[in-house]
Amino acid sequence: MGQTSLVNDDPPVVRVREFVKRYRKLKAADGVSLDIRCGEIYGLIGPDGAGKSSLMKAIAGVLSFEGGSIEVFGQTIDSEAAAEKVKGRLGFMPQGLGLNLYPELSVEENIDFFAELREVTPVLLAERKRKLLAMTRLDRFLDRPMKLLSGGMKQKLGLVCTLIHEPDLIILDEPTTGVDPVSRRDFWTILTQLLRERDVTALVSTAYMDEAERFQRLSLMFGGLVVAKGAPEVILHDVPGTLVELTIAAQVDALVRLEKRFTQVEAVGSKIKVFVPDVTPQAASAQIQELLTGIKIEQIQVEKPRLEDAFIALLHRHHLSGKEEDSPAEMVWRDGVPPRGDGIAIVARELICDFDHFRAVDRVSFEVRQGEIFGLLGANGAGKTTVIKMLTGIRPPTGGAGTVAGADMRRASQSVKERIGYMSQAFSLYQDMTVQENLRLFARIYGVPGRQISERIDRVIQLAGLGPVCTQLAGKLPMGIRQRLALACALVHGPLVLFLDEPTSGVDPIGRRRFWKILVHLARVEHVAILLTTHYMSEAEHCDRLALMHAGKVIADDTPAALKTALEQEAGQVLDLAAEPVLSALEALEQAGFTDAALFGRRIHLLVKDVDEATARIRAWLSERDIRLLDITPRAPSLEDVFVYRILQQERQEATL
Amino acid sequence: MNSDWYILRTRLGSWFSRLMAMTAKELIQFGRDTLLLFAIVYLFVFDTYMAGNITMQLNKAVVVVHDADHSAASRELIYRFRQPYFKLGGEVLDNHAGQRLLDQGRALVVLDIPPDFAHDIKKGTSVDVQVQVDASNAVLGFLASSYTAQIIGQYGFDQALTSLGIDERALENVPMVRNEYRVWYNPNQKDTWFMPISELLVVITIMGIMLPAAAAVREKERGTIEQLLVSPLTPIQILLSKVIAMTVVILLGTAMSLFFVLHGVFAVPMKGSLILFFAVTTIYSFTTAGLGLYIATLSRNLAQAALLAILVLMPMIFLSGAWTPPEAMPMGLRQAMYISPLFYFIEMGYAILLKGAGLDILWDSLLGLALLGGLIFGFGVWRFRRQFK
């Protein structure tokens, strides 16, 4: 492969052996071993609490650990003095948007501060600053205080400050979490460019599974363990199987049957995805058709499994998945007949919210019907949470109106409030109370009659699979279970409308799937209207309808499929190509007029109207320039492609105004 | 008519049931907070106990002597500086040494007896002794100098009587004004009664502000307040549940302190009606809760709330008479005391526990507290509600 030239046989830059880190009784990392070679981008992928941050901090020499050894540039990190010796060659960016920066200082002052800290000479500083600022397109904002930058810009400034002393090893802890897709794309391009220019090595962690293909090699981490490591292809190769995608009208019935047989079944919007392990695509397809005899299959399609499927299969294989609960699809939990799902549950009409200096939400309108899962997709700071707060009546809108079940929540009567459930961002239940105490509290607050309380609690406990942890303190629960408890609390009174603010942020893939299973059940069987926010592109596929939010505005609003179709009609199909050397290829393509060509890991994505014509043109153009084209294929656009396109379109429109 | 009544009753019932659910939640959370539990026990039990052991009297103040006479007469005077008020700290050879001990804070009083002290007394001429007092602590200095003056005066009087040949019994025929006084309510003038009561009332004030403030700020800090606001709860129910729960905690703490420490250890008589005392404490606790809730609306986290609470507490205690009696205040501040709720509480607290006073005497103080408390609580509630509008 083209990459081998970059990876040499020199001793590894970082060598970790049997790394153990404990926080009191909790084991954050339990025997982690890995080697990072010079010049590669090494990925740590896993949910919150997997041990990624502990490992990165230990490598950066800012966290002591209990067992194992870490070598950085051949120096064993066993004391503060030892860590000091290599710190000059390291750049470390901690987790959190711009947490290492100073909010009151301007962009330039921040950079100068870090340069002085690292004793960069003025001449070198001026040179590097010019280059990095141009690359990150921050040069227009030199005098702007950091606190007034958008999330994506903060993260880019953080990167500049980390790179200002030209470190040989850069350690970036979740640099792209909650960042908008365009900034995310910029971020990866900058990183790749820098790595090619100098012999820099990067260790990058992420909670997004779909970022995996951007890494040369990676470790999949879960609960302090490395579940798998190596190149993405190698990991996929180790977990043979087929992903079968089905379109079925009788989704609920099909799900019930499939779940009896397979562990990895997922309802994604109108589709069902099943991972069938160990068999060829033909055999997998046949197995499923046999299982679903009698149910009409509208469409069946086989695909290569994604890294997320492999990860989940590995977790099951290592028995890290926890106990599987009863399928909620077979339970009914609200009293009486579910209402028909045709009424409009939530309406946002021209909602505006102004903070001191800027407009957080700008004329946002949408409708959510009963029985529909509606997603607000956007980066941190896009205004998603503010929209939910205005709809639920926590924050008064500056302009416009929002109604829930026909009532303005700020003046809604108790009977209206009793019909909605709300789960706020972060974990906001009472951590010093047990699961049962939390549920009882919310049941009583929402006016569940005394006789029915125990019965209701039992039902949501069963629905959310909380049985084994009933008497535990909420604060002691792992992330995934906490989210389900929060959901259970929002559900205990049987609401008809559900607001969920980033319900799955930081939750592991298995936890996320369980969570979605419950949501799908609520919407399909109980006809609950669900409005949720997320910054996971892949998760947004689950929603029936989506509103893409960027900088306070809704820039597109439709079903995921329609969003993709619209993209294909407007801008064409996505061409996915691999070329060597990849950066020259990117440059050449931009010169050829493919302005939206973007680096995606080691591959390039671009949008073309006519696939055949463009393929031919690219082949000719690249071969003229001695760039080797390894492969080129058209690909169905992802929601990320849609989002990036819409953001850029919006920016172009605003620029011309 | 009947059905209207029924609807009203169910509405009231569900309103009350929600309030009780929230109050129960506050109490559960309080019970799980070991640090807070420790603070309650520490302040209500150990702190009031310690306060009972502190005295405002001179306690073994060091007296250093420069005795240039070394006679029986000088020794007699020196040995009149006795415990518990004084303690002899030895002798110095010259005035400078005495001065230095005062400077270093190793002596409070330096007594300078001139040469020929005994000789002059015997001769019948008047004699001066010099007393130097360290008055850097004004109260101690004042006590030391007045006690010293009393001791030396008594000594001079005794010496004068002896030299005139008048004995004790003959004194009755000498024309003299004698004072006979009665000390009411605390006949032995025990600090162990006065101090712990005063401390208990201060502790109630601190906790009465801090507990509701902390409970309200914690909801904000953790983001749980939003979860509650979306629910059918009204802001009144949210804050009332905190005030009720924290008042229960404070009453329990007060009972603990009153029965185990004040009555149990220091034998404070508790003459008045305990029901009245707890009723007054409840009204007072609602007043301080109003302040606490107001503080909670101003602060974003617990640290800010604690800092603000100190800003409120200091003048409140200073203007209450807990540390300095009203009689020692300048007139301006004495008027200002009427705005410190603790002033009324302290007045009533002493009156009920030591004097056995009832409503017939205390009605005006109670009215003052109730009015002030109602005002403050109403203000706190108004601010607390307004922050969500």
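How many salt bridges are there between chain A and chain B? The count is three, taking a salt bridge as a side-chain nitrogen of Lys or Arg within 4 Å of a carboxyl oxygen of Asp or Glu. Some notes on the rest follow.

1. Ground rules. This is a predicted model, where local features need pLDDT of at least 70, side-chain atom pairs count only at pLDDT 80 or more, and totals for chains, interfaces and linings use all residues. Residues are numbered from 1 along each chain as its sequence is written, chains are lettered from A and ligands numbered from 1 in the order in which they are written, and side-chain values use heavy atoms, with hydrogens and water left out.

2. The A–B contact. Chain A puts in 28 residues and chain B 24 residues, with contact meaning heavy atoms within 4.5 Å. About 2400 Å² gets buried between the two chains, 55% of it on carbon and sulfur atoms; buried area here is the accessible area (1.4 Å probe) that two parts lose on being put together, summed over both. On the chain A side, A:Tyr430, A:Arg444 and A:Ile445 lose the most area to chain B, together 27% of what that side buries.

3. Charged pairing across the contact. Have a look at A:Lys389 and B:Glu226: they form a salt bridge, and their closest N and O atoms are 2.9 Å apart. Helix and strand names below are DSSP runs numbered from the N terminus (helices H or I, at least four residues; strands E, at least two). The elements of chain A that give two or more residues to the side touching chain B are α11 (384–392), α12 (414–417), β19 (420–423) and α13 (435–445). Of these, α13(A) supplies the largest share, five residues.

4. A salt bridge inside chain A. Over all chains the count is 54 salt bridges. One to check is A:Glu245 with A:Lys273, at 3.9 Å, N to O. This pair links distant parts of the chain, 28 residues apart: A:Glu245 sits in strand β11 (residues 241–248) and A:Lys273 in strand β13 (residues 271–277).

5. Two cis peptide bonds to flag: A:Glu580 to A:Pro581, with omega near -5°, and B:Gln83 to B:Pro84, with omega about 10°. A:Pro581 lies in the loop between β24 (573–580) and α19 (582–591) of chain A, while B:Pro84 is in the loop between α3 (72–79) and β2 (86–91) of chain B. Also, A:His527 has a positive phi of about 60° although it is not a glycine.
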